[in-house]
Amino acid sequence: MTAFLIENIAPLMFAALVIVLLIGYPVAFSLAAVGIAFGLLGIELGLLQPTLLQALPERIWGVMSNDTLLAVPFFTFMGLILERSGMAEDLLDTIGQLFGPIRGGLAYAVIFVGALLAATTGVVAASVISMGLISLPIMLRYGYDRRLASGVIAASGTLAQIIPPSLVLIIMADQLGRSVGDMYAGAFIPGLTLAALYATFVIGVSIVRPGWAPALPAEARTLREPDGSSGNRSLLALTIISAAAATAYWQIYYNKYNPETATDERIVLTMAVGIGTAFLLAVVNKLLKLGLLSKIAERVTFVLIPPLALIFLVLGTIFLGVATPTEGGAMGATGALIMALARRRLSISLLKQAMNTTAKLSTFVVFILVGARVFSLTFYGVNGHVWVEHLLTSLPGGQLGFLIVVNILIFVLAFFLDFFELSFIVVPLIGPVADKLGIDLIWFGVLLGVNMQTSFMHPPFGFALFYLRSVAPSKEYTDRITGRRVAPVGTGQIYWGAVPFVVIQVLMVGLIIAFPNLVSGGLATKEKVDIKNIQIEIPAEESAPPGATPGGPADEQEDAEKALERSMGGEKGSEAPGQGGAAPEKPPETKK
């Protein structure tokens, strides 16, 4: 029995953790308890030294002194303030009016606003609950299929998992030992691509099943001109002008003068130029009362600019290298407070709620990380990482086989664990193996982040589905606008609505594996250096002129080197004879 335990203690430790988690104990305490229990068992079996556990305080101090994790409370606080500032309500109302005349318009508005909220809040719960409260009643009012409506809202809310500034990417960068800024840059294009895939699905549904995603009726479109027209022509003209300014900037500044600039930096600055142009024209039109812009054009411009400016303040400064992610989060939190103050939504109770929730979430993260450090100390001590490495590197198919197995594992575990638990338990085990196989860890982290998105959408355990269930009508009610009775949204309808979007997320994982440039295209181009062509040139020493006085810079450096050597090694301080130095001095004789 003892021999069996010694031989298989690593897999037994992992199995014990899974069992304890399935029983329902809190993750942080499960990790710490299993780590300590198997640490004591390893000491009893002679596999570990008792001194190993003395490293625990140092590892816990490493968690507390981790600057990267400071970004978590900043981005959480920013998201909670924005959630309560009314920004989501204004965005959904305005973009719903803009896309309303076309089939599936409200669904496109939800996807667009979901991506925008993801880039400003970074919190899934805030996005799903906000859009569920605001958009779902409107979609039900105008005859949207309940499965499509609930699926679009839940899936768009989970974009906060992959579009920066995402909390998952901060934790992923910390666990993989990579820069948060690089992780954000790598996830930028895949996040937008995923939003585009959601919109493509809605297009397909509106063609195949037009009754599932009807257009808004004429009486619901409130932003109209006095003559009854939509006013989209002036909005189109404003869009063309701003797009022309952005394209000119891209072509002249980047393609002509700075062709090596990273894609993410190009996108952010080019968008800033286009948006700034539109905002400037709208402000001039309003101040001078020119009347060139319609109601819809002015509303869209003034509602979209503040969150887009906040995105540039956070992500733009990070991508440009002006600020670290922690500093970007601090600026984002300040910007969110300014926006809430401008909307007259900032109050003491709002601040208390936001700070209370931020403190809870940050404590939750730190406690799980402390438990994970206790677990990993024992697991690495019994060579558990070697067991995992041998298990995964012996898979057939090399890198591709490893990626397929790991993604299937993450997908299955996402049924039972959320992204924090997956990041702290699984990623530290598979990250070193991926690095050993030659897989870029930034690309690998983004791939896992997209896969972990499914943890929010998995029926029946997905948190996004629970968030939506909490705000979706569970009983029949009377609509306050139309006066008609509206049927409730069933839990089964929410689950079935999530299934197509889980498939799309899995498809996105396959696209990232098939086209790695989706991630690496957002990263800065690094100059390749051929070490074979490196030449080290040592300047020839100039001979001292006759009669020169010693004590120049070279002599001072030599004296300093001798003093350092003497302090470190006694009589090693003097140079060996024949190297240009004096003979070593004899040590002083001691009297007996």
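Helices here are DSSP runs of H or I with at least four residues, strands are runs of E with at least two, and both are numbered from the N terminus. What I am showing is a predicted model, in which local features need pLDDT of at least 70, side-chain atom pairs count only at pLDDT 80 or more, and totals for chains, interfaces and linings use all residues. Residues are numbered from 1 along each chain as its sequence is written, and side-chain values use heavy atoms, with hydrogens and water left out.

I'll start with the chain as a whole. The protein chain has 25 helices and two strands. Of its 592 residues, 45% count as buried. Buried means under 20% relative accessible area, exposed means over 50%, and partly exposed is in between, with a 1.4 Å probe and protein chains only. Contact means heavy atoms within 4.5 Å. Taking contacts in the protein chain with a separation of 6 or more, 76% are between residues 24 or more positions apart.

Helix H7 covers residues 105-120 and helix H8 covers residues 124-141; their axes come within 11 Å and cross at roughly 165°. That makes H7 roughly antiparallel to H8. The axes are lines fitted to C-alpha atoms, for helices over the stretch in contact, with angles from 0 to 180 degrees between N-to-C directions. Angles over 145 degrees count as roughly antiparallel, under 35 as roughly parallel, 65 to 115 as roughly perpendicular and the rest as oblique. The crossing of H7 and H8 is right-handed, that is, the near helix is turned clockwise from the far one by less than a right angle.

Which residues of H7 and H8 meet? On the H7 side they are Leu106, Ala107, Val110, Gly114, Leu117 and Ala118, and on the H8 side Ser127, Met131, Ser135, Ile138 and Met139. This contact divides into eight nonpolar residues, three polar and no charged. Nonpolar here is Ala, Val, Leu, Ile, Met, Phe, Trp, Tyr, Cys and Pro; charged is Asp, Glu, Lys and Arg; the others, Gly among them, are polar.

Now the aromatic rings. A pair of aromatic rings is described by the distance of the centres and the angle of the planes. Rings of Phe, Tyr and Trp (its six-membered ring) pair if their centres lie within 6.5 Å; planes under 30 degrees apart are stacked, over 60 edge-to-face and the rest tilted. By this rule the count comes to twelve aromatic pairs. Phe99 and Tyr108 form an edge-to-face pair, 6.4 Å centre to centre with 70° between the planes. Phe99 is partly exposed at 26% relative accessibility, whereas Tyr108 is buried at 14%. Phe463 and Phe466 also form an edge-to-face pair, 6.4 Å centre to centre with 90° between the planes. They are three residues apart in helix H22, residues 463-471, so about one helical turn separates them. Phe463 is partly exposed at 33%, and Phe466 is partly exposed at 38%. Phe456, Phe463, Phe466 and Tyr467 form one aromatic cluster.

Last, the backbone. Most residues other than glycine have a negative phi. Arg344 is not a glycine, yet has a positive phi of about 60°. Where is Arg344 found? Its place is the loop between helix H15 (325-342) and helix H16 (348-381), and Arg344 is exposed at 78% relative accessible area. Asn383 likewise has a positive phi of about 60° without being a glycine. Asn383 is in the loop between H16 and helix H17 (384-393), and is partly exposed at 45%.
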